[in-house]
Amino acid sequence: MKKHKSTLLFVVLGILLFTATYNGLTVRTYDVTSDKLSADESLRIVLLSDLHSASYGYKQSILIDQVRAQKPDLIALPGDLLDRYRSPEPAFELIEGLEGIAPMYFVTGNHEIDGSDDYVRHDVKDVFRSYGVNVLEDEWETVTINGIDLVIGGLEDPLRGFRENIYTDWDAESTAAMQDIAPDETFKVLLSHRAEQVDTYAKLPFDLVLSGHAHGGQVRIPYLMNGLFAPDQGFFPEYAGGLYEHETFTHVIGRGFNYSFNIPRIYNPPEIVVIDVNGQR
């Protein structure tokens, strides 16, 4: 009897260890409703954040195929596709492979700003633009996607301003950059890398904010702890990853793709985020 109990215990521990450290790509879907869209209107957004130059198959084929399978109307890239300590090529391969699947919008994360010597040999934004990516630099534009009029805005990572002037006020600059957006019934989407800057986002006229940066809190315990530690939030971050409903906007934070044996992801697999926006007017 003891032998059977020991075997069962090892099996259970093995299953727990496998599921805890599973690093295969997952697809996580969130549903968002808006009375700014009519009942017959819908928009599918794929959110890809914090790749950190990780690779998924030859020329990112595994990741690209999974994104294509989601049939997105829009691909949102809220920063840190590159990593300051790694070659930028995996990020460029991803962008190249995604070209033509859906319109792509990108804003910088801190790693795109604080790059390595490899970045010096590339103008990262120009490389992205060469593959059809819309790079937003504290600006917004009106577009029509899937028959729906949208405002899409993007904020550069705060590190850009701090590099130019240590006394910069990112909150004030962000508010000023978006002040001319009309408070109308157009559905408005904002890309901004930092998950924790909720107070700033609340001042802006956007319905949906898409972020990254927190890496899912690195270590999760489903239903008990959404994240152990996140950059710029510290231990037990309030905004680690997932969907957060605020008074004036919905905030979706991608948990990213970076993985490392040195800093393992626990119950926090790399994820492709799919956001289905459906009308209810």
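Six strands form an open sheet with mixed pairing, in the order β1-β14-β2-β3-β4-β5. Its edge strands, β1 (26-34) and β5 (133-135), each pair on one side only. From one strand to the next the twist averages 25°. Here two strands pair if DSSP finds at least two bridges between them; helices (H or I, at least four residues) and strands (E, at least two) are DSSP runs, numbered from the N terminus.

The model is predicted: local features need pLDDT of at least 70, side-chain atom pairs count only at pLDDT 80 or more, and totals for chains, interfaces and linings use all residues. Residues are numbered from 1 along each chain as its sequence is written, and side-chain values use heavy atoms, with hydrogens and water left out.

Axes are lines fitted to C-alpha atoms, for helices over the stretch in contact, and angles run from 0 to 180 degrees between N-to-C directions. Contact means heavy atoms within 4.5 Å.

Which residues of α2 are buried? They are L63, I64 and V67, where buried means under 20% relative accessible area (1.4 Å probe, protein chains only). These residues cover an arc of only 95° around the axis, so they lie on the same side of α2; the arc is that of the directions from the helix axis to the C-beta atoms. Their cover includes β2, β3, α3 (89-98) and β14. After α2 comes K71, whose phi is positive, near 50°.

| Pair | Bridges | Opposite residues |
|---|---|---|
| β1 and β14 (271-279) | 9 bridges | V32 and V277 |
| β8 (187-194) and β9 (208-212) | 4 bridges | L191 and L210 |
| β9 and β13 (250-253) | 4 bridges | V209 and H251 |

Strand β9 is mostly covered, with 5 of its 5 residues buried. In a regular strand the side chains alternate between the two faces of the sheet. On one side of β9 are L208, L210 and G212, on the other V209 and S211, and all are buried.

**Whole protein**

The protein has 9 helices and 14 strands, and buried residues make up 51% of its 281 residues. Among contacts between residues at least 6 apart in sequence, 72% join residues at least 24 apart. The protein exposes about 13400 Å², of which carbon and sulfur atoms supply 54%; accessible areas come from the Shrake-Rupley method with a 1.4 Å probe.

Methods:
Buried means under 20% relative accessible area, exposed over 50%, partly exposed in between (1.4 Å probe, protein chains only).
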